Structure formats: C-alpha cells, structure tokens
Amino acid sequence: MKKLSLLFAFVAVAIASQAGGNNDEESKITYPMPQKVKAVMESKCFECHNDAGRSDKAKKGLNFSTLDGFTNIEKIATLSEVKKEVSEGEMPPQKFLEKHPEAALTPDETKLLVDWVQKESKALLKKK
Ligand code: HEC
C-alpha cells in the first residue's frame with residue numbers, strides 16, 4: 001500500500017463524510033447481498049468504494065456501484081480481492097484507521113464478509 005493512495009483514501013472519506021448522510025449513494029449499490037453484509041459494507045467500505053467516492057484510486061481498485069454489471073468471472077475476481085484485503089486486514093486502509101479506529105472491521109464483521117464472499121463466489125461459479 002503506497003503512502004499516496006492512503007492519503008487519497010483519507011481525503012476521500014473526509015469529503016464523503018462532509019457531504020452528510022449519503023443514503024442516496026448507498027441505495028445505488030444494486031449488487032444483491034444479505035442485509036447484514038450490506039450493513040457492514042455501508043458503514044465500512046462503500047464510502048470509498050462507490051460512485052460517490054472521491055478517490056479515483058479506491059474506485060479503480062473496487063467500485064461496488066458498478067459490480068452488478070460485471071461478468072460473472074469479473075465478479076468472482078473482484079470478490080476474491082475483497083476476501084484477500086479483508087482477511088489480511090488491509091481494508092479499511094491502516095492510515096485511515098489511525099484517525100478513525102471505529103471504522104475497523106471487528107473479527108465478527110471480517111468473518112461475515114469473508115463467509116459471504118466465499119458463498120457468493122461458489123454460487124457465481126455454478127451460474128453460467
Ligand atoms: C478510507 C477509504 C477506504 C475505505 C473505508 C475502504 N477502502 Fe478499500 N481501497 C481504498 C483505496 C485508496 C484503495 C486503492 C489502494 C491501492 O491501490 O493501493 C482500495 C482498494 C481496495 C481493493 C482493491 C485492492 C487492490 O489490490 O486493488 C479492495 C478489494 C478493497 N479496497 C476493499 C475494501 C473493503 C472490502 C472495504 C471495507 C471493509 C474497504 N475497501 C474500505 C480505500 C478505502
């Protein structure tokens with residue numbers, strides 16, 4: 001993780017949180033996921049990883065707003081990145097967590113996301 005991207009991430013969140021309750025943006029996430037999973041992502045991931053996010057770098061890495069339109073193979077690849085980042089504790093970025101420790105995923109939330117990603121990837125593999 002490069003320093004510059006962390007700075008971008010931080011700025012992105014500062015701007016996103018200034019914009020106030022971004023319920024409109026959250027509801028733009030059309031990718032189907034269980035409510036519990038969505039709730040975690042909404043509070044801990046979407047602010048950087050949706051269309052409203054100001055950090056192009058974060059969006060380039062992952063944009064949940066466009067995930068629904070991906071091919072199955074792209075979805076699987078993306079989900080596997082999510083699993084990797086989350087299980088290795090790389091997301092939310094460390095630099096961001098220094099200022100916002102409450103944004104860290106709890107062990108339960110990490111497990112919830114990882115379990116969902118695995119289940120979802122398996123389901124996608126079966127689809128054609
Ligand atoms: C503070 C903003 C911020 C938050 C919150 C955040 N991310 Fe990120 N994320 C970034 C940035 C910036 C990058 C690009 C990092 C890079 O390329 O070095 C990124 C990249 C990624 C990537 C792509 C990794 C890659 O190798 O390109 C994934 C997957 C990801 N994030 C998942 C998540 C998940 C899941 C959450 C919630 C648990 C989350 N992120 C929360 C800023 C954020």
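**Figure 1. Helix α3 and what covers its buried residues.** Among the elements that cover the buried residues of α3 is α8, in a predicted model where local features need pLDDT of at least 70, side-chain atom pairs count only at pLDDT 80 or more, and totals for chains, interfaces and linings use all residues. Residues are numbered from 1 along each chain as its sequence is written. Helices (H or I, at least four residues) and strands (E, at least two) are DSSP runs, numbered from the N terminus. In α3, the buried residues are Val-40, Met-41 and Lys-44, and they lie on the same side of the helix because they cover an arc of only 95° around its axis; the arc is that of the directions from the helix axis to the C-beta atoms. A residue is buried if 20 or more other C-beta atoms lie within 10 Å of its own, exposed if 12 or fewer, and partly exposed in between, with C-beta atoms placed from the backbone.

Figure 2. Helix α6, residues 72–87, has 16 residues and reaches 22 Å from its first C-alpha to its last, close to the 22 Å expected at 1.5 Å a residue, where the expected span is 1.5 Å times one less than the number of residues. Thr-78, Leu-79, Val-82 and Val-86 are the buried residues of α6; they cover an arc of only 100° around the axis, which puts them on the same side of the helix. These buried residues of α6 pack against α5 (64–67) and α8 (107–126), whereas the face turned away from the buried side carries the exposed residues Ile-73 and Ala-77.

**Figure 3. The largest nonpolar core.** This core has 16 residues, and those with the most contacts inside it are Met-41, Cys-45, Phe-46, Val-82, Val-86, Leu-113 and Val-117. The elements that give two or more residues to the core are α3 (35–44), α6 and α8. A nonpolar core is a set of buried Ala, Val, Leu, Ile, Met, Phe, Trp, Tyr and Cys residues joined through C-beta atoms within 7 Å. Leaving aside residues up to four places away in sequence, Val-86 touches Met-91, Leu-105, Thr-110, Leu-113 and Val-114, a contact being two residues whose C-beta atoms, placed from the backbone, lie within 7 Å.

**Figure 4. The chain on either side of α6.** Thr-71 lies in the loop between α5 and α6 and counts as exposed because it has 9 C-beta neighbours inside 10 Å. The C-alpha atoms of Thr-71 and Leu-124 are separated by 9.9 Å, although these residues are 53 residues apart along the chain. After α6 comes Gly-89, whose phi is positive, near 70°. Most residues other than glycine have a negative phi, and most peptide bonds are trans.

**Figure 5. Confidence along the protein.** The mean pLDDT of the protein is 85, and 78% of its residues reach 70 or more; pLDDT is the predictor's confidence in each residue, from 0 to 100. Confidence is lowest in helix α2 (residues 23–26), at a mean of 48, and highest in α8, at 97. Over residues 18–27 pLDDT stays under 50, and for this stretch the model has 7 contacts beyond four places in sequence.
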